[in-house]
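Reader: I want to know what stands behind the labels in this model. Take me through the terms and the values.

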Amino acid sequence: MIYFCCDEKRRNAVAAHATLNGVEFLEVSDDPADPLELRQRTLYAHLFKDLAPGALTAANVRVEGGERVRGVAVQSLTESFGGDAKVIAVEVDRRGDFSTYTLRLVDAADDTLPPADFDPVLAAIDFSFKVACQTDFDCEAGRACEEEPAPAPELNYLAKDYASFRRLMLDRISTLAPQWTERHAADLGVALVEVLAYVGDYLSYQQDAVATEAYIGTARRRVSVRRHARLVDYHVHDGSNARAWVEFGVAADNVSVPAG
(Lines give C-alpha, C1' and ligand atoms only; values in the text may rest on other atoms or scores of the structure.)
Protein backbone atom coordinates (compact mmCIF):
# COMPACT_ATOMS: atom_id res chain seq x y z
CA MET A 1 0.00 0.00 0.00
CA ILE A 2 1.22 3.49 -0.78
CA TYR A 3 -0.41 6.76 0.15
CA PHE A 4 1.11 10.19 0.40
CA CYS A 5 -0.58 13.58 0.43
CA CYS A 6 1.15 16.81 1.40
CA ASP A 7 -2.06 18.60 2.24
CA GLU A 8 -4.12 16.77 4.87
CA LYS A 9 -6.52 19.73 4.97
CA ARG A 10 -7.55 19.12 1.37
CA ARG A 11 -8.02 15.40 2.02
CA ASN A 12 -10.20 16.10 5.06
CA ALA A 13 -12.20 18.70 3.16
CA VAL A 14 -12.95 16.24 0.32
CA ALA A 15 -13.88 13.52 2.80
CA ALA A 16 -16.29 15.88 4.56
CA HIS A 17 -17.83 17.23 1.34
CA ALA A 18 -21.33 16.08 0.51
CA THR A 19 -20.66 15.00 -3.10
CA LEU A 20 -16.98 15.55 -3.93
CA ASN A 21 -14.99 12.32 -4.31
CA GLY A 22 -11.34 11.35 -4.70
CA VAL A 23 -8.73 8.59 -4.31
CA GLU A 24 -7.73 8.09 -0.67
CA PHE A 25 -5.00 5.47 -1.18
CA LEU A 26 -3.98 2.69 -3.57
CA GLU A 27 -2.93 -0.93 -3.09
CA VAL A 28 -0.99 -3.13 -5.50
CA SER A 29 -1.94 -6.81 -5.41
CA ASP A 30 1.20 -8.95 -5.12
CA ASP A 31 0.21 -12.33 -3.69
CA PRO A 32 3.13 -14.83 -3.85
CA ALA A 33 0.56 -17.61 -4.33
CA ASP A 34 -0.57 -16.14 -7.66
CA PRO A 35 1.13 -17.13 -10.92
CA LEU A 36 4.02 -14.87 -11.79
CA GLU A 37 2.27 -13.49 -14.86
CA LEU A 38 -0.66 -12.28 -12.72
CA ARG A 39 1.27 -10.66 -9.89
CA GLN A 40 1.32 -6.85 -9.62
CA ARG A 41 -1.34 -6.47 -12.28
CA THR A 42 -4.30 -5.52 -10.07
CA LEU A 43 -4.53 -2.05 -8.56
CA TYR A 44 -7.08 -1.37 -5.80
CA ALA A 45 -7.96 2.34 -5.62
CA HIS A 46 -9.83 3.20 -2.41
CA LEU A 47 -12.22 6.13 -2.80
CA PHE A 48 -13.74 8.44 -0.22
CA LYS A 49 -17.33 7.80 -1.27
CA ASP A 50 -19.47 5.29 -3.16
CA LEU A 51 -20.23 5.68 -6.85
CA ALA A 52 -23.30 4.98 -8.86
CA PRO A 53 -23.10 1.60 -10.66
CA GLY A 54 -21.22 2.01 -13.92
CA ALA A 55 -20.10 5.55 -13.14
CA LEU A 56 -16.49 4.57 -13.92
CA THR A 57 -15.26 2.24 -16.62
CA ALA A 58 -11.85 1.26 -17.96
CA ALA A 59 -12.04 4.32 -20.24
CA ASN A 60 -11.92 6.54 -17.16
CA VAL A 61 -8.56 5.23 -15.90
CA ARG A 62 -5.06 6.04 -17.11
CA VAL A 63 -1.75 4.62 -15.84
CA GLU A 64 1.07 7.04 -16.59
CA GLY A 65 4.81 7.04 -16.03
CA GLY A 66 7.51 4.41 -16.03
CA GLU A 67 11.13 4.25 -17.14
CA ARG A 68 11.75 0.81 -18.64
CA VAL A 69 8.13 -0.27 -18.84
CA ARG A 70 5.92 2.39 -20.34
CA GLY A 71 2.46 2.44 -21.86
CA VAL A 72 0.78 0.27 -19.21
CA ALA A 73 -2.79 -0.16 -20.47
CA VAL A 74 -5.97 -0.69 -18.44
CA GLN A 75 -7.85 -3.87 -19.38
CA SER A 76 -10.84 -3.81 -17.03
CA LEU A 77 -12.36 -2.09 -14.03
CA THR A 78 -14.42 -3.73 -11.30
CA GLU A 79 -16.38 -1.83 -8.65
CA SER A 80 -16.67 -3.05 -5.06
CA PHE A 81 -18.96 -0.80 -3.04
CA GLY A 82 -20.92 -1.50 0.08
CA GLY A 83 -20.40 -0.88 3.78
CA ASP A 84 -16.94 0.52 4.40
CA ALA A 85 -15.61 -0.77 1.07
CA LYS A 86 -15.33 1.91 -1.61
CA VAL A 87 -12.85 0.28 -3.98
CA ILE A 88 -12.33 0.04 -7.71
CA ALA A 89 -10.12 -2.84 -8.93
CA VAL A 90 -8.14 -1.93 -12.04
CA GLU A 91 -6.60 -4.72 -14.12
CA VAL A 92 -3.60 -3.74 -16.27
CA ASP A 93 -2.00 -5.64 -19.14
CA ARG A 94 1.47 -5.88 -17.51
CA ARG A 95 3.34 -4.95 -14.37
CA GLY A 96 5.55 -1.91 -14.28
CA ASP A 97 9.17 -1.34 -13.26
CA PHE A 98 10.63 0.13 -10.07
CA SER A 99 9.91 3.75 -11.01
CA THR A 100 6.93 5.81 -9.87
CA TYR A 101 3.66 5.56 -11.79
CA THR A 102 0.46 7.62 -11.57
CA LEU A 103 -3.06 6.26 -11.62
CA ARG A 104 -5.34 8.99 -12.93
CA LEU A 105 -9.12 9.09 -13.16
CA VAL A 106 -10.28 11.11 -16.18
CA ASP A 107 -13.45 12.03 -17.98
CA ALA A 108 -14.13 9.58 -20.80
CA ALA A 109 -14.92 12.42 -23.23
CA ASP A 110 -11.96 14.65 -22.22
CA ASP A 111 -8.93 13.02 -20.62
CA THR A 112 -7.62 16.42 -19.46
CA LEU A 113 -10.45 16.70 -16.92
CA PRO A 114 -11.31 14.52 -13.91
CA PRO A 115 -14.65 12.69 -13.82
CA ALA A 116 -17.68 14.59 -12.62
CA ASP A 117 -17.72 15.25 -8.85
CA PHE A 118 -14.05 14.28 -8.46
CA ASP A 119 -11.51 16.60 -6.87
CA PRO A 120 -8.93 17.61 -9.54
CA VAL A 121 -5.98 16.97 -7.21
CA LEU A 122 -7.17 13.76 -5.53
CA ALA A 123 -8.33 12.25 -8.81
CA ALA A 124 -4.73 11.03 -9.30
CA ILE A 125 -2.28 9.23 -7.05
CA ASP A 126 1.35 8.13 -7.40
CA PHE A 127 2.25 4.52 -6.67
CA SER A 128 4.87 1.83 -7.28
CA PHE A 129 4.29 -1.64 -8.65
CA LYS A 130 7.22 -2.88 -6.54
CA VAL A 131 6.08 -1.51 -3.18
CA ALA A 132 5.92 -5.04 -1.70
CA CYS A 133 9.26 -6.19 -3.18
CA GLN A 134 12.23 -6.68 -0.88
CA THR A 135 15.15 -4.39 -1.60
CA ASP A 136 18.51 -3.56 -0.08
CA PHE A 137 17.90 0.15 -0.59
CA ASP A 138 16.25 2.49 1.85
CA CYS A 139 12.71 2.67 0.54
CA GLU A 140 11.44 5.39 2.83
CA ALA A 141 9.75 8.02 0.74
CA GLY A 142 11.15 11.49 1.10
CA ARG A 143 8.67 14.09 2.30
CA ALA A 144 9.03 17.29 0.35
CA CYS A 145 6.11 19.04 2.04
CA GLU A 146 6.64 22.55 3.27
CA GLU A 147 6.15 22.91 6.98
CA GLU A 148 3.16 24.96 7.99
CA PRO A 149 4.21 28.25 9.57
CA ALA A 150 4.08 28.21 13.34
CA PRO A 151 1.47 30.45 14.94
CA ALA A 152 2.74 33.86 15.97
CA PRO A 153 3.66 34.03 19.68
CA GLU A 154 1.49 36.05 21.99
CA LEU A 155 3.76 38.94 22.95
CA ASN A 156 2.93 41.88 25.18
CA TYR A 157 3.90 44.84 23.06
CA LEU A 158 3.17 47.20 25.97
CA ALA A 159 6.27 46.01 27.84
CA LYS A 160 8.37 49.13 28.41
CA ASP A 161 10.41 48.71 31.60
CA TYR A 162 12.81 46.25 33.20
CA ALA A 163 10.20 44.22 35.09
CA SER A 164 7.84 43.80 32.13
CA PHE A 165 10.70 42.88 29.76
CA ARG A 166 11.98 40.28 32.23
CA ARG A 167 8.50 38.80 32.67
CA LEU A 168 7.95 38.73 28.90
CA MET A 169 11.19 36.84 28.21
CA LEU A 170 10.66 34.32 31.01
CA ASP A 171 7.12 33.61 29.78
CA ARG A 172 8.40 33.09 26.24
CA ILE A 173 11.15 30.73 27.42
CA SER A 174 8.56 28.75 29.40
CA THR A 175 6.66 28.19 26.15
CA LEU A 176 9.67 27.22 24.04
CA ALA A 177 11.56 25.24 26.71
CA PRO A 178 9.09 24.13 29.40
CA GLN A 179 11.72 21.85 30.93
CA TRP A 180 13.76 24.89 32.05
CA THR A 181 12.16 26.10 35.26
CA GLU A 182 15.14 27.76 36.99
CA ARG A 183 14.38 31.26 38.32
CA HIS A 184 17.25 31.78 40.78
CA ALA A 185 19.09 35.06 40.22
CA ALA A 186 22.49 33.31 40.20
CA ASP A 187 21.52 31.03 37.29
CA LEU A 188 23.29 31.89 34.04
CA GLY A 189 20.06 31.82 32.02
CA VAL A 190 18.27 34.12 34.44
CA ALA A 191 21.29 36.44 34.47
CA LEU A 192 21.22 36.68 30.66
CA VAL A 193 17.50 37.42 30.75
CA GLU A 194 18.03 40.20 33.27
CA VAL A 195 20.88 41.71 31.25
CA LEU A 196 18.66 41.79 28.16
CA ALA A 197 15.81 43.26 30.22
CA TYR A 198 18.16 46.01 31.43
CA VAL A 199 19.24 46.82 27.87
CA GLY A 200 15.61 46.81 26.74
CA ASP A 201 14.66 49.16 29.56
CA TYR A 202 17.50 51.53 28.61
CA LEU A 203 16.54 51.52 24.93
CA SER A 204 12.89 52.01 25.84
CA TYR A 205 13.81 55.08 27.91
CA GLN A 206 15.81 56.48 24.99
CA GLN A 207 12.86 55.96 22.64
CA ASP A 208 10.52 57.73 25.04
CA ALA A 209 12.98 60.57 25.57
CA VAL A 210 13.42 61.14 21.83
CA ALA A 211 9.66 61.06 21.28
CA THR A 212 9.16 63.53 24.13
CA GLU A 213 11.74 66.02 22.83
CA ALA A 214 10.31 65.79 19.31
CA TYR A 215 7.40 68.14 20.10
CA ILE A 216 7.54 71.66 21.52
CA GLY A 217 4.55 70.97 23.75
CA THR A 218 6.26 68.04 25.51
CA ALA A 219 9.96 68.94 25.28
CA ARG A 220 11.69 69.14 28.68
CA ARG A 221 15.15 70.33 27.63
CA ARG A 222 15.88 73.96 26.84
CA VAL A 223 18.02 73.06 23.85
CA SER A 224 15.10 71.13 22.32
CA VAL A 225 12.78 74.13 22.75
CA ARG A 226 15.37 76.46 21.17
CA ARG A 227 15.70 74.16 18.16
CA HIS A 228 11.94 74.01 17.68
CA ALA A 229 11.73 77.82 17.93
CA ARG A 230 14.47 78.30 15.35
CA LEU A 231 12.35 76.36 12.86
CA VAL A 232 9.96 79.34 12.82
CA ASP A 233 12.76 81.96 12.88
CA TYR A 234 12.46 82.73 16.58
CA HIS A 235 15.60 82.87 18.66
CA VAL A 236 15.15 82.07 22.32
CA HIS A 237 17.23 84.21 24.68
CA ASP A 238 19.78 82.45 26.84
CA GLY A 239 18.17 83.95 29.95
CA SER A 240 19.77 85.37 33.09
CA ASN A 241 19.64 85.05 36.86
CA ALA A 242 16.67 86.45 38.74
CA ARG A 243 17.16 90.05 39.95
CA ALA A 244 15.14 92.78 41.71
CA TRP A 245 15.53 96.46 42.65
CA VAL A 246 14.92 97.51 46.26
CA GLU A 247 14.13 101.19 47.02
CA PHE A 248 14.33 102.78 50.51
CA GLY A 249 12.42 105.94 51.27
CA VAL A 250 13.99 107.96 54.17
CA ALA A 251 12.91 111.11 55.95
CA ALA A 252 16.35 112.39 57.13
CA ASP A 253 19.49 113.27 55.27
CA ASN A 254 21.86 110.93 57.13
CA VAL A 255 20.41 107.44 57.40
CA SER A 256 22.54 104.31 57.45
CA VAL A 257 21.13 100.94 56.42
CA PRO A 258 22.69 97.95 58.19
CA ALA A 259 24.29 95.34 55.97
CA GLY A 260 22.07 92.44 55.25
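Author: Start with helices. Helices (H or I, at least four residues) and strands (E, at least two) are DSSP runs, numbered from the N terminus. The expected span of a helix is 1.5 Å times one less than its number of residues. This is a predicted model, in which local features need pLDDT of at least 70, side-chain atom pairs count only at pLDDT 80 or more, and totals for chains, interfaces and linings use all residues. Residues are numbered from 1 along each chain as its sequence is written, and side-chain values use heavy atoms, with hydrogens and water left out.

Reader: How do you know what span to expect for helix H3, and what does H3 reach?

Author: H3 covers residues 188-213, which is 26 residues. From first C-alpha to last, H3 reaches 38 Å. That is close to the 38 Å expected at 1.5 Å a residue.

Reader: What caps the N-terminal end of H3?

Author: Asp187 does. One of its side-chain oxygens lies 2.9 Å from the backbone nitrogen of Gly189. A polar contact is a pair of N or O atoms within 3.5 Å; within protein, one must be able to donate a hydrogen and the other to accept it, and residues adjacent in sequence count only if both atoms are side-chain atoms.

Reader: Which residues of H3 are buried, and what covers them?

Author: Buried means under 20% relative accessible area, exposed over 50%, partly exposed in between (1.4 Å probe, protein chains only). In H3 the buried residues are Val190, Val193, Ala197, Gly200, Ser204, Ala209 and Glu213. Their cover includes helix H2 (162-176) and helix H4 (222-230).

Reader: Why is Asp126 placed in its accessibility class?

Author: Asp126 has 45% relative accessibility, so it counts as partly exposed. Asp126 lies in strand S7. Its side chain is joined to that of Thr102 by a polar contact of 2.7 Å.

Reader: What makes the phi of Gln40 worth a remark?

Author: Phi of Gln40 is near 60°, a positive value in a residue other than glycine. Most residues other than glycine have a negative phi. Gln40 belongs to the loop between S1 and S2 and is buried, at 5% relative accessible area. Asp233 also has a positive phi, near 65°. Asp233 is in the segment after H4 and counts as exposed, at 69% relative accessibility.

Reader: What makes S3 and S7 edge strands?

Author: Two strands pair if DSSP finds at least two bridges between them. Three strands form an open sheet in the order S3-S6-S7, with antiparallel pairing. S3 and S7 each have a single partner strand, so one side of each is left without a neighbour in the sheet. S3 and S6 pair over five bridges.

Reader: Which residues have the most contacts inside the largest nonpolar core?

Author: A nonpolar core is a set of buried Ala, Val, Leu, Ile, Met, Phe, Trp, Tyr and Cys residues joined through side-chain atoms within 4.5 Å. The largest one has 24 residues, and those with the most contacts inside it are Leu43, Val63, Val90, Leu103, Leu105 and Phe127. Strands S1 (23-28) and S2 (42-47) are among those that each supply at least two residues of this core.

Definitions and conventions: Contact means heavy atoms within 4.5 Å.
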